[in-house]
Amino acid sequence: MVVLNVSEDIEAKIRRLRELGKASVESDVPKMAKPPVKKPPKKPRSVGSIRERERRKRILTGAAILIVIILVISVGAYVYLQNRAAEQLSQAKAKKLAEVNQYFQGEIMNSTIGQQTKQELINEINSAQSVDEVNAIDVKAAYAKAWQEYQAYLAEQKRLEYERQLNQTKQEKIKSIEMEFQPLLSMPLPDDLKKKVIDSMKSLEDQIASATTIEEVNSITTSPYLLELWRDYYYYLIDTMPTQNVILQKGDSKRIVTKTEAKSILGGIMDYGELIQYRIYKVEFVDIALVLSRDKINGAFLVPGDKIMIFAKNATNAQFKEIVNEGYVQLVLLPTEVGAISVNEAQSQTSSSSSSSSTQYTEDHTTTYTPGDTSITNGQAISDIYTNTQTATQSASASYTYTVDLTEILKAIAAGKIQASEDVKEQLRAYGWEIVDLEKESGMLVLDPNTQFLVIVRVPSIFVPDILSNQQYLYIAKVAS
């Protein structure tokens with residue numbers, strides 16, 4: 001079947017050569033108009049001519065066969081050579097493609113550069129017409145160039161990503177700084193201090209904008225600036241307070257301090273986080289009434305004007321907690337147990353009568369003997385007494401007990417029902433603290449320690465919620481002068 005195809009190709013080529021030769025001859029000879037030629041009369045053919053014609057025909061047939069054989073051999077050699085060259089070209093291309101696949105693999109193929117370069121090499125190899133052309137393709141150089149471009153691409157992407165992260169970090173840092181400055185800017189700042197705060201914030205934002213690395217951005221901190229600015233604001237508040245004292249609060253702890261003490265405390269704080277925990281308030285005193293037992297109010301030995309401190313202890317084993325570090329006593333009222341006077345009165349009468357009568361009889365006999373130098377006396381006395389006595393006694397007694405309620409007396413004075421009310425009020429004043437004063441002078445406890453007293457104290461208003469929430473556990477101590 002292969003020989004048939006080859007012979008058909010040879011015949012097609014021979015026909016093509018004949019047509020090309022005829023065409024070239026016809027194109028080379030100019031066409032001229034020929035005069036009509038009269039056909040000579042046909043001569044009868046001789047035997048020699050017929051033989052000559054047969055001989056030439058055989059020669060031409062042999063020549064044609066020889067040409068065909070030569071053409072077949074030539075075409076066969078050509079086809080063989082062509083097939084061999086095609087096989088060599090195919091092998092060279094396969095080898096070159098394997099080299100391309102060997103180089104172009106791994107991470108470079110995740111990029112457009114690697115994929116595009118590999119495809120260009122494949123297209124160039126497939127379109128090559130000779131082995132030399134295939135061998136001339138430098139895959140290694142193409143890979144090295146693509147790798148450099150890929151590395152440059154990665155570096156550019158890395159640079160762009162870092163720049164994106166840097167810009168994002170800058171934006172977040174600026175937003176964070178503005179949030180940290182916002183609490184201070186929301187305060188009622190004076191104009192000069194407000195300008196200083198804004199300038200400091202802008203300075204930090206400019207530092208962030210000019211930073212070239214993320215580390216440089218993260219190293220920028222607001223603490224030194226805010227420490228100074230918050231301290232300036234606290235000093236401004238202290239200076240504008242109308243009183244000589246201020247209230248300094250940190251967490252649940254509140255204290256009354258002088259302005260100098262407040263500035264000294266705040267000036268000694270070097271940590272911004274600790275400084276902003278403080279709050280400063282104006283001292284506004286209010287009076288508050290407390291009902292406490294005697295043992296919780298300094299033994300009740302308090303007088304108006306005394307400086308006091310108030311503590312709280314809400315459990316048996318709990319620690320005492322300072323509630324108010326400075327307050328003043330306005331009034332102490334005695335309890336109801338002292339508000340009554342008990343009086344006992346007694347009356348008695350006695351009468352007696354007595355009568356007596358007496359009768360007495362006496363008889364005396366005496367005999368004396370003197371024998372020799374011895375004197376002996378013998379005597380006898382008899383006495384009888386008769387007495388009669390009568391006694392009668394009569395007695396009568398009465399006692400009275402009554403109580404004077406001082407509360408009722410005060411009501412009667414207020415209603416104008418008592419005469420000489422001013423004298424009574426003065427006596428009540430003297431009586432008011434007489435028991436307590438006697439206790440102090442005598443060193444003897446008269447009233448029960450659980451006796452309730454009403455104490456009105458003057459304290460800063462900021463302490464009132466703490467006092468009321470611990471009212472059952474309060475202790476008042478007098479500050480020694």
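Two residues are in contact when heavy atoms lie within 4.5 Å. Keep that cut-off in mind while you view the whole chain.

**Stop 1: the whole protein**

Show everything first. This is a predicted model. Among the contacts in the protein with a separation of 6 or more, 73% come from residues 24 or more positions apart. Colour by secondary structure and you will find 14 helices and 10 strands. The accessible surface is about 33900 Å². Carbon and sulfur atoms account for 53% of that surface. Of the 481 residues, 25% are buried.

**Stop 2: two helices side by side**

Select residues 191-210, which form helix α6.

Next, show the side chains where they touch. On α6, pick L193, K196, V197, S200, L204 and Q207. On α8, pick Y225, E228, L229, D232 and Y233. What kinds of residue make up this contact of α6 with α8? The contact has 6 nonpolar, 2 polar and 3 charged residues.

**Stop 3: a hairpin**

Move on to residues 245-250, strand β1, and residues 253-258, strand β2. The two strands pair in the antiparallel sense, over 6 bridges. Click on Q249. Its bridge partner in β2 is K254. Now go to the turn. The hairpin of β1 and β2 has 2 residues between the strands. In this hairpin, G251 takes a positive phi near 65 degrees.

**Stop 4: the five-stranded sheet**

Select the open sheet of 5 strands. Read across in the order β4-β9-β6-β5-β10. The pairing is antiparallel.

Which strands stand at the edges? They are β4 (285-293) and β10 (474-478). Each has a single partner strand, so one side of each is left without a neighbour in the sheet. From one strand to the next, the twist averages 40 degrees.

**Stop 5: inside the sheet**

Select strand β5, residues 307-312, and strand β6, residues 321-333. These strands run antiparallel and are joined by 5 bridges.

Key
Residues are numbered from 1 along each chain as its sequence is written. This is a predicted model: local features need pLDDT of at least 70, side-chain atom pairs count only at pLDDT 80 or more; totals for chains, interfaces and linings use all residues. Side-chain values use heavy atoms; hydrogens and water are left out. Axes are lines fitted to C-alpha atoms, for helices over the stretch in contact, and angles run from 0 to 180 degrees between N-to-C directions. Helices (H or I, at least four residues) and strands (E, at least two) are DSSP runs, numbered from the N terminus. Ala, Val, Leu, Ile, Met, Phe, Trp, Tyr, Cys and Pro count as nonpolar, Asp, Glu, Lys and Arg as charged, and the others, Gly among them, as polar. Buried means under 20% relative accessible area, exposed over 50%, partly exposed in between (1.4 Å probe, protein chains only). Accessible areas come from the Shrake-Rupley method with a 1.4 Å probe; for residues, only the protein chains shown count as cover. Two strands pair if DSSP finds at least two bridges between them.
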